[in-house]
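Reader: Please put the sequence and the model up. Then take my questions one at a time.

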Amino acid sequence: DFITPLMKKLRLQESILVVAAGNKGLDNDSVVNDLFVHFTNLQFVENNRVENNRTYVMDNIIEVAAVNQAGQLARFSNFGQTKVMLAAPGKGVNSCSSLPNQFKTKSGTSFSAPQVAATLAMMFVHFPFDSYSQIIDRLRLSVDLLPSLESTTISGGRLNINRALGGEFVL
């Protein structure tokens, strides 16, 4: 399993991993085969000895749901009040086409997650002395709070890039 050591290394380097929540309309809080569960009771080889049943807190993973143009959770989007951090536009997103100079309209949490990843990259440049956890807190506190996301995400809101980069915070 190459993912386990990779995830541990990312966590130790204080990197943030942004992942799409999924497109099955499921509550990720109740999904057993989930990224967060994967990192509980792991087995690692450290300093030439095996360490079993240690829980590694993977607080550097951000799961992203999708919202439609009206700010509602997209019907297909997975969600989770304790695992999915926020939502970003993911329904009817203009995307590149294989045809020259043409775009296609696509949907999915895979279109939401890159927006959050790009925002985090800009935040690391804009706030160079912040730790990864401070950056995550800034992101969480900078969302547009939406009633439709209140019980379906940790933050209760949709990505607001301007606010994440230092614009007005709404608490």
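Reader: Is Asn60 buried or exposed?
Author: Buried means under 20% relative accessible area, exposed means over 50%, and partly exposed lies in between (1.4 Å probe, protein chains only). Asn60 has a relative accessible area of 0%, so Asn60 is buried.

Reader: What kind of model is this, and how does the numbering run?
Author: Residues count from 1 along each chain as its sequence is written, and side-chain values use heavy atoms, with hydrogens and water left out. Local features need pLDDT of at least 70, side-chain atom pairs count only at pLDDT 80 or more, and totals for chains, interfaces and linings use all residues, since the model is predicted.

Reader: Where does Asn60 lie?
Author: Helices (H or I, at least four residues) and strands (E, at least two) are DSSP runs, numbered from the N terminus. On that count, Asn60 sits in the loop between β3 (49–54) and β4 (61–67).

Reader: Which residue gives its backbone oxygen to a polar contact with the side chain of Asn60?
Author: A polar contact is a pair of N or O atoms within 3.5 Å; within protein, one must be able to donate a hydrogen and the other to accept it, and residues adjacent in sequence count only if both atoms are side-chain atoms. Here a polar atom of the Asn60 side chain lies 2.8 Å from the backbone oxygen of Ser15.

Reader: Which residues does Leu10 touch, beyond four places in sequence?
Author: Contact means heavy atoms within 4.5 Å. Leu10 belongs to helix α1. Its C-alpha is 9.8 Å from that of Ile61, 51 residues away along the chain. Leaving out residues up to four places away, Leu10 touches Ser15 and Asn60.

Reader: Glu14 has a positive phi; is it buried, partly exposed or exposed?
Author: Glu14 is not a glycine, yet its phi is about 60°. It lies in the loop between α1 (3–12) and β1 (17–20). Its relative accessibility is 41%, so Glu14 is partly exposed.

Reader: What is the relative accessible area of Asn101?
Author: Asn101 also has a positive phi, about 55°, without being a glycine. Its loop runs between β6 (93–96) and β7 (103–106). Asn101 counts as exposed because its relative accessible area is 80%.

Reader: And what is that area for Thr109?
Author: Thr109 is in helix α3 (residues 109–126). Beyond four places in sequence, its contacts include Ala20, Asn23, Val64 and Phe76. Thr109 is buried, at a relative accessible area of 1%.

Reader: Over which ring does the charged end of Arg138 sit?
Author: A charge sits over a ring if NZ of Lys or CZ of Arg is within 6 Å of the ring centre and within 35 degrees of the ring normal. For Arg138, the charged end is 3.7 Å from the centre of the ring of Phe127.

Reader: Where is confidence lowest?
Author: pLDDT is the predictor's confidence in each residue, from 0 to 100. The protein averages 84, and 80% of the residues score at least 70. Where pLDDT is low, the predicted coordinates should not be read in detail. The lowest mean, 42, belongs to residues 42–46, strand β2.
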